[in-house]
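Here are a few notes to read alongside the model. Have a look at it first, then go through the points in order.

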Amino acid sequence: MTFQDVLIQQVINGVSLGAIYSLLALGFTMVYGIIELINFAHFNVFMVGSFIAMYILEALGLNGQNVILTGFPLVGVLAVALVGTMLLSGALGVLIERTALRPLRGVPGTAAMITTIGVSYILFNIVLLTIGADAFNFPNPMPKVRWGEAGVVLQLREVLVWVVAIILMVCLNFFVRHTKMGKAMQATAQDQEAARMMGVEVDRVVMITFFLGSALAGAAGLIFGLYYNYTNFAIGYTAGLRAFTAAVLGGIGNIPGAMVGGVIIGLIESLGGQLLEVRWTDVIIFSVLVLVLVFRPTGLFGRITVTKS
Amino acid sequence: MTSIRRRMLLATALGAGISLAIAAGGGLVPAQAAEKSVTIGIDLPLTGADAEGATRIKYGAEMAIDEANAKGGVAGYKLDMMTLNDATASAGQYDPAQAATNAKKFVSDPHVVAAVGPEMSGAGKAMSPILSAGNLAIITPASTNPDITDPKFAGQYRPAGKAIYFRTVTTDAFQGPNMANYMRDTLKMKSVYILDDSGAYGVGIANAYEGQAKKIGVKVLGHDQLNPKEADYTTSLTKIKALNPDAVYYGGVAGAGVKFVKQSYDVMPKTIKAGGDGVFGPEYLSAVGFPAAEGLYATNASPHVTEDPAAQAWVKRYSEKYKVQPDDYAITAYDAALVIIDAIKRVAESGKPVNHDNVRDAIQTAKVKTLQGEVSFDENGDINSRVVSVFQIKHDPKYKDDDIIHQYKYIGVAPQSPAS
């Protein structure tokens with residue numbers, strides 16, 4: 001491997017990692033955009049999502065890497081798992097919003113944010129106490145397709161991560177910009193009171209936002225599992241924190257910002273680890289964050305929506 | 001706040017427990033009744049993550065004690081057991097605080113003359129100072145961290161001076177370096193990249209390995225740390241792949257190890273991957289799975305006895321009695337109990353009182369024929385034979401995928417000195 005090959009390989013690694021962060025970052029940024037709440041429960045909705053995906057795949061008859069599918073059955077199984085995981089994770093997000101957060105709407109201060117931390121710990125401990133602390137062999141039906149051997153290697157699993165992430169982001173973008181509900185979300189983000197006066201059902205908008213954000217976290221959980229063939233009760237923390245950083249880096253509340261922010265964090269992680277030492281990863285990521293915020297306090301892309309002045 | 005309060009609560013509870021135990025112990029005068037008996041303590045993480053291995057170890061020790069009792073006891077003494085669990089539900093595995101409590105229970109009971117355990121070095125570090133103060137010997141069949149018996153740390157782990165932490169396995173001071181010798185001589189490794197999991201065991205064994213690798217002329221291309229909380233190691237592994245080492249040595253336990261083995265199979269399937277007894281466990285079979293786990297090298301800090309023709313009668317007795325296959329740490333536990341039984345016998349026959357002081361002194365001078373060969377200890381409590389066994393995962397579809405006895409194949413001894 002020449003040095004150039006290594007850099008290209010690390011870009012492939014970084015973009016794949018970044019795609020997972022982007023999907024997660026979208027959930028943070030959408031909720032913040034609508035109700036200015038940092039939703040820490042999101043960390044572990046992602047983790048629960050990866051377990052939901054694992055159980056769906058196992059229910060479809062997959063076990064570890066023993067069953068390999070190709071062609072239509074492969075696409076079918078992955079589509080069922082993706083849709084099922086997103087629906088159930090989205091429902092979990094709605095449940096959290098209805099039971100723990102809606103009663104706190106309008107309460108000033110940090111009560112709602114602290115509640116999300118509490119919900120996050122509840123999810124974490126439920127999984128720990130019921131499923132256990134073991135590492136799990138996440139089922140993966142994808143054949144081992146590799147392009148290149150000695151130099152740069154591109155694998156099917158990386159292509160899958162990119163394709164799924166791009167499709168979901170395009171759909172989300174379309175939904176927010178061109179549907180009635182999407183426009184209602186934009187209106188609510190700009191000014192909740194005015195939107196309410198114009199007949200927007202704010203509660204419903206908030207619920208849809210939680211559903212979409214959590215469904216994307218579930219999708220991230222599925223592709224995380226397929227990418228690493230692994231899941232565990234503790235995966236939410238590191239990935240969640242990096243994704244949150246990505247959302248802030250891109251400008252929290254800004255949807256394209258979250259997408260780009262995720263990929264940037266992924267690239268910083270892989271290229272920073274390559275050029276310096278891997279044990280310094282967190283130092284590098286958070287230094288970049290601090291530098292960006294010092295010079296551009298609203299993040300790289302800022303908030304598109306106008307906040308109350 | 002809450003964590004401080006919880007700790008205070010725990011400390012109070014612990015304190016109450018100890019004073020109760022002392023009160024109970026104080027009331028007992030060693031009874032010289034018609035049937036004389038002494039107690040051997042057993043401390044292991046019998047629930048939680050390591051329960052499977054710990055139970056095999058427990059059976060090994062129990063078997064030696066049961067067999068001695070079946071022969072009519074030892075020099076007129078019947079042997080009782082006090083089996084304590086050092087795992088807690090909140091830790092999910094061994095808990096040093098519980099291990100310390102158990103050590104106090106052993107020390108405060110005058111019938112306990114010696115103990116077998118613990119399995120984990122973290123528990124051993126917590127127990128050792130308490131046992132030292134009580135001058136009660138314990139023989140570990142599995143914990144390999146060298147610090148506990150290292151004279152450099154005597155002030156910390158045996159403040160009273162005498163060795164009380166004995167081992168029927170060798171330590172990571174040999175487990176890492178011997179594997180470096182094996183990999184150079186037998187696997188023809190010329191260059192290696194070293195990783196550890198930033199834990200005490202992992203850093204210790206990786207550093208010992210690195211020192212020896214450099215000494216015998218293996219090119220060490222780098223030494224980096226994996227964060228067990230991190231999910232993605234592809235950056236590290238891509239970097240390592242670009243350096244093209246013959247082998248990667250991983251010092252650490254399953255937390256980071258499972259992800260390391262899985263992901264390195266994707267990034268560099270042909271590179272040799274090896275580790276210590278931290279990569280010897282069911283997680284590497286169940287959570288890593290095949291084919292990713294195939295070919296992984298692991299070591300044990302003891303001779304491989306369960307397939308030794310001379311031990312087959314014993315293996316048969318064990319598996320018939322307990323309905324599980326023994327592993328090598330079941331053998332070292334059996335050996336540890338044999339050493340204690342021999343010490344009790346020598347003390348009794350010499351006419352001295354059979355108590356923990358005299359039994360400790362007798363263990364120190366032991367020369368006992370056991371399943372693994374003759375066991376004797378140096379002045380720090382470490383076993384004089386320093387055998388490290390090498391295993392490799394080779395999938396055998398005849399057995400269940402997570403059957404550690406059959407999926408890890410024994411392939412030889414890692415030599416203490418290199419070939420040239």
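1. The buried residues of α13(B) pack against β3 (112-116), β4 (137-140), β5 (165-167) and α12 (328-350) of chain B. Buried here means 20 or more other C-beta atoms within 10 Å of the residue's own, with C-beta atoms placed from the backbone. Helices (H or I, at least four residues) and strands (E, at least two) are DSSP runs numbered from the N terminus.

2. Which residues of α13 (356-364) are buried? They are B:His356, B:Val359, B:Arg360, B:Ala362 and B:Ile363. Seen down the axis of α13(B), they fall within an arc of 165°, so they line one face of the helix; the arc is that of the directions from the helix axis to the C-beta atoms.

3. A word on provenance: this is a predicted model, where local features need pLDDT of at least 70 and side-chain atom pairs count only at pLDDT 80 or more, while totals for chains, interfaces and linings use all residues. Residues are numbered from 1 along each chain as its sequence is written, and chains are lettered from A and ligands numbered from 1 in the order in which they are written.

4. Zooming out, chain B has 14 helices and 14 strands, and 54% of its 420 residues are buried. Its C-alpha trace spans about 70 × 60 × 40 Å along the principal axes.

5. Chain B splits into domain 1 (2-25 + 32-171 + 312-375) and domain 2 (173-300 + 388-414), with bounds from an automatic or database domain assignment. Their centres, taken over C-alpha atoms, are 30 Å apart.

Definitions and conventions. Buried ≥ 20, exposed ≤ 12 C-beta atoms within 10 Å, placed from the backbone. Contact = placed C-beta atoms within 7 Å.
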